[in-house]
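Thanks for making time this morning.

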Amino acid sequence: MLEKINSPADIKLLRQEELEILAEDIRRVIIETCSKNGGHLAPSLGTVELTLALHYVFDAPRDKIVWDVGHQAYAHKLITGRRDRFHTLRKSGGVCGFPRREESIYDVFSVGHSSTSISAAAGIAEARCLKGESYKVVAVIGDGSMTAGLAFEGLNWAGDRKKDLIIILNDNEMSISPNVGALSAYLNEIMTGRRVTRLRNDVKQFLRGIPNVGEQVVKISRQAEEALKSFLTPGALFEELGFEYVGPLEGHRLDHLIKMLRNVKEHNRPVLVHVLTRKGKGYPFAELDPTKFHGIGPFNARTGDLTADPGGIPSYTEVFGRTMIQLARENPKVVAITAAMCSGTGLDAYAKEFPERFFDVGIAEQHGVTFAAGMATEGIIPVVAVYSTFMQRAYDQVLHDVCLQKLPVVLAMDRGGIAGDDGATHNGVFDFSYLRSIPNIVVMAPKDENELQHMLKTAVECGGPASVRYPRGKGVGVPLDETPKALEIGKAEILLEGADVALFAIGYTVRPSLDAARRLREEGISATVVNCRFVKPLDEELLSRVAAATGKVLTVEENVLAGGFGSAVLEMLEAKGLSGIEVKRLGIRDEFVEHATQAEMRRRYGIDEEGIFEAARKLAGPAKPALREVVAK
Ligand SMILES: Cc1ncc(C[n+]2csc(CCOP(=O)(O)OP(=O)(O)O)c2C)c(N)n1
């Protein structure tokens, strides 16, 4: 059936039974593709019927369907002209894992970070009115994404403006892990209908308890129940905010969905449609373990097992998780905070051992950071584990609530650097720049997984704001010291000494810089390699000494060049009046890094061994004859 669908117009020609077959086809293709390329399997399987119903009832691209996060939009991609290219999902030059305006006219808003859909849809609806046009605007948001402040800001606005706008709340009771928070509990009560029944029973019980008059009042209250109902309807919260509430609807029943969306289409004011779906629907392994299959690497579709090599080298994320346990055992003041990324940040085992000292705040990075700052004022040492890219959302909280008050909050920033196949929305290549411009914070990046342990210990003990950023993926395979030891703040280390050129590397780039330097040596060029460790404070004494000695410096970072680590080195040399030193910076030029493997992108930006080798060779100039002879011998 999917073979016949080239645009949403084609699905409008199908009968109900054919739509059901199409849903099965779509599921099969999504499972097959994700098993090869990895991807957001469980969220996308959960929205197949919802997507078909939306495109069946509404007329995209005239009507605007705005996806939140966009990790659930694979069915949307498949029926909006990208079926033939879908096998390239998340590959270099292929279909992006998230809606992208550049990719299709059906992707009306580019996404990847959560909770933007209501505000974006409200903006589109407002623009439509300004232009005097008429079309429908639909935002599709998950219950997890509703936990963010941004979603509430959008609701607050849209409910009051009373413009024609439809919000579909895709409620599967899950974020990546089970959802958290009061809103989640409220939705859960609506779903089970318990809220109405419980309140009614509570009132009755209370009235019966009043001697003599109780029974009489119960009778009267029964008559008043009709009036009371409007107050107790499911979704009263949304009604109070200015939305008409429709639901809860069974999200895998195409007939129900289509009928209800047709009704809703006739309304001309804000409506919230509450749809209940099952994450991973139709693939038993994903239904059983939706967290594992939320965003997954390649796997065996038959068994559900991951195909990634089981090799013994732990990931940075795993080492972070283990170190957190060690630090928490050592110091009862240490706590961990995550924003809906417990397993993504490696905190599962920690959360089991220290349930009282683990806080999942939901997708609420801003709240998470300020919540940490509040704790820190009371002597607690919070470690906020958030992916580098998502910390962007909490910038003012880091600046105003943590750094301005010099509070001892640790930012553990996973996925620092190039994130790979998730693409432009998920790269953590800005944090050196956005953090080093803030006073009072220590900014570090480890050269390997062993140094990560030591940096975490350093951060926890430094008594003020500190950040440690580390990459996605496996460590370099070095042995791990038994216990983490604090490093001296602002101290770099020289890994290799040479006279022709100096490589100032930080974080992930230290290892390829070392490998490049060894190759340079074979060519008769001797390089100093410095593991700089700290973007802030820089080891000014060591770096200026080495720079002056070689006269040629290559800085290497997996961060944007603008305002990053290399900029810090240049500023330091300028401040010290060290003129005449030739400096070349390697890093990400002024553009967004697209989806591809990490290795492909490191190659493209010249920050892998090969790129560093070439740049250093060029900077060093011709090899000194004497050294070339020594090497030749
Ligand atoms: C600002 C931000 N923080 C964290 C994430 C990581 N993330 C992606 S999807 C997701 C869960 C979303 O839950 P929900 O909206 O309920 O959708 P579901 O996956 O359950 O369909 C999270 C935490 C993100 N994309 N953006």
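A crossover is called right-handed if, with the strands pointing away from the viewer, the path from the first strand over the helix to the second runs clockwise. Before applying that, please keep in mind that this is a predicted model, in which local features need pLDDT of at least 70, side-chain atom pairs count only at pLDDT 80 or more, and totals for chains, interfaces and linings use all residues. Residues are numbered from 1 along each chain as its sequence is written.

With helices (H or I, at least four residues) and strands (E, at least two) taken as DSSP runs numbered from the N terminus, E16, H23 and E17 make a right-handed β-α-β unit. The two strands of that unit, E16 and E17, pair in the parallel sense over six bridges, where pairing requires that DSSP finds at least two bridges between the strands. Within this pair, valine 553 has valine 583 of E17 as its bridge partner.

The unit belongs to an open sheet of five strands, in the order E12-E14-E13-E16-E17 and with mixed pairing. At the edges are strand E12 (493–496) and strand E17 (582–588), each of which pairs on one side only, and the twist averages 25 degrees from one strand to the next. Angles here run from 0 to 180 degrees between N-to-C directions, with axes fitted to C-alpha atoms, for helices over the stretch in contact; contact means that C-beta atoms, placed from the backbone, lie within 7 Å.

Helix H22 (residues 540–550) lies across E13, E14 and strand E16 (552–560), running at about 150 degrees to E13. Helix H23 (residues 565–575) touches E13, E16 and E17 as it packs on the sheet, and its direction makes about 140 degrees with that of E16.

Turning to the ligand, where does it sit? Domain 1 (2–191 + 235–288) and domain 3 (316–469) both give residues to its shell, so the ligand lies between them; the bounds come from an automatic or database domain assignment. There are 24 residues around the ligand, the closest being Pro43, Ser114, Gly142, Gly144 and Ser145, with a residue counted if its C-beta atom, placed from the backbone, lies within 6 Å.

Finally, the backbone: most peptide bonds are trans. Here, however, a cis bond joins alanine 60 and proline 61, with omega about 5 degrees, and the bond from lysine 536 to proline 537 is also cis, with omega near -5 degrees.

How values were computed. Contact = placed C-beta atoms within 7 Å.
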